[in-house]
Amino acid sequence: MLKALLKSEVIISAICAAGALYLFFETKAFGNLNVYGAKLGPDIWPKLILVSIMALSVGLAYNTIKGVLKGIIPASDKIQFSAANLRFIAAAGLIATYLALLPLVGFLVLTPVMMIAFMYLLGEKSKTWIFSIPFVLTIGVVLVFTKLMYVPLPRGTGIFLKISHLLY
Amino acid sequence: MEIWLGSLLNVLSPVPLMLVAGGVLAGVMLGAIPGLNSPMGTALLIPFTFAMEPANGLILLTAVYCGGTFGGSISAILFNVPGAPEASVTGFDGYPMAKSGKAGKALGIAIMCSCLGGIFSVLVMSLISPQLARVALSFSEPEYFALALAALTLISSLGGDKMIKAFIAGCIGLLAATIGIDPMTSIERFTFGGDALMAGINFIPALIGAFAVGEILMTAEAGVKKTGETVTKVSTELPKIIELLRLKWTILRSAVIGTMIGILPGVGATTAAFVGYSEAVRWSKHPEKFGTGIPEGIAAPETCNNAAAGGAMVPLLTLGIPGSATTAVIIGGFLVHGMQPGPMLFINQPGLMYSLFIAMFLANIFMLFSGVIVAKLFSNFRKIRYSILGPCIFVFATVGAFGISNDMFDVWVMFVFGLIGYIMKKFDFPIAPLIIALVLGELAEISLRRGMRMANWDVSEFIFRPIGGTILLITCITLIFTIYSKMKKKPNVLAGEISKT
């Protein structure tokens, strides 16, 4: 039974159901409006969806547990931390850090740094590629998007703003 | 007839021909680069038309429009990053096909079907524009709701063996579509007191995140060498006659759907592509194969979105109402030349109207050549190792998400959906239902609520309308049939059983 409960589908179902339940209570804040559109107010459609998510999650968990207990679905493997998980965390962390720093450092300075780190992370060995592509691509993107298409890519602040102003 | 011949001779002269060819090429390139799209490109080109003859200026704008609608599919097929919203669905089957080493074939089908869809809609537009516009104007909220519901039922087919998972993904997409200010009551929903979510979630960053960033994260975890992806030389292979004949019903159906949806004001090529895809799934004998990389999965949305591009010109030219974002921009092109699109234009400037029809026809022919050229240019990137290509795709994805409204919030949406996409891929939840529901959620909800209000809360108003009722009936029958046949075929199908092979 424990192996069935640890099955990823069951865990995800539990998370979905719990999240849906929380949001269901959030819909109370939308209020029962006694104005135009009251009979199908702003809460009805989300409530319908959330109830569906809860029902479907219960259904998925029930069928998975039943399948594991009957031997139709294989029980969960041992959960163990691997190098692959570490690579995923590093990639996600790198992206999150890049996005957080982008308004401060600006696209022009930060993007080559991020790309170099990402290439290393993905296992690129060629130093020629690692130290050429990021700079060429960044400058190309900056020129096309800012000069031709007037997309104001983030410039950063302070010294980074001055560097960005050299190009756009 | 004389006006037609005069217009033909006018368009076939060197300058308009060059403008058509150049416009299509520019449009395809703009469409292919994520973050740039045909509304943006058309808007940027309007100042260049100031010095041109009105007909030439408008020919250039419509050529960019035609090319841009197709261009997005190139990056959708090659990198799973749609260059334009209307190409979102093309990646569902285009990218798996490219991954299996058939990128050239996928591009060829996309180019040819875009061309055929575009030509079909131009022919329809030039023959029966005013009549079609009148039919389109009779569409009301119940019809829009029926249309959205019909497309949403596709979710039941897309899940394959994982129907419950597909429905959960679809519900999450529908829920995400409710975030922001309710358009009917102005009440904030799921904004948690912040300003960022007030405008809701734009589906383009969500889509780029779920597909492209999710894929990058999956590859990062698996390790580049272990993905088994074979990167071969890509050369566009236009489909042979026999292959096209195999797709004839898909193409014809999608061309009709695309043209009709394009004519509906405000719906546009993106919805047309989703509906076209859903109908292709519905009519297919093997709906479970959609999403795995089959020609029908590319032919349907590509025919549809380009047919919709032509269709969207119908309300513009006949009624002066834009059928899509780009046609709204093209109205600006008319206005700068002192013309007001609408029924009077057919009376006052018939030559100009016919010149536009002919130019759009030629633009779709030129698209074959421009598509092959740009596809070849972009496909060279596929030969690059993923350890180099992955970060490049991420940069384009970031710029693409940012460029929509020049807002970092959209980029964060992309990242969050990237994580969601990663989790969904890892645990075998289909992603397409999430995106389809996110796109169509608002249309379904608002048309239902507005329709109910208009009908004074009488549900029968939805059921007994000739067009809306028929669409609802067909939707219900096919949904019941799909669920029943899957349950009968495989008793365990509702278990959401994983088939990780």
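B:S73 is buried in this predicted model, with a relative accessibility of 1% (buried means under 20% relative accessible area, exposed over 50% and partly exposed in between, using a 1.4 Å probe on protein chains only). The residue sits in helix α4 of chain B, residues 54–79; helices here are DSSP runs of H or I with at least four residues, and they are numbered from the N terminus. Setting aside neighbours within four places in sequence, B:S73 is in contact with B:A87, B:T90, B:A110 and B:E302, where contact means heavy atoms within 4.5 Å. A polar atom of the B:S73 side chain also lies 2.7 Å from the backbone oxygen of B:F70.

Now for the place where the two chains meet. Chain A puts 66 residues into the contact and chain B puts in 70. Together they bury about 5900 Å², with 82% of that on carbon and sulfur atoms; buried area is the accessible area (1.4 Å probe) that two parts lose on being put together, summed over both. Two salt bridges turn up across the interface, a salt bridge being a side-chain nitrogen of Lys or Arg within 4 Å of a carboxyl oxygen of Asp or Glu. B:K165 pairs with A:E9 in a salt bridge, their closest N and O atoms 2.8 Å apart.

As the model is predicted, local features need pLDDT of at least 70 and side-chain atom pairs count only at pLDDT 80 or more, while totals for chains, interfaces and linings use all residues. Side-chain values use heavy atoms, without hydrogens and water, residues are numbered from 1 along each chain as its sequence is written, and chains are lettered from A and ligands numbered from 1 in the order in which they are written.

Notes
Helix = DSSP H or I, 4+ residues; strand = E, 2+ residues; numbered from the N terminus. Polar contact = N/O pair within 3.5 Å; in protein donor to acceptor, adjacent residues only side chain to side chain.
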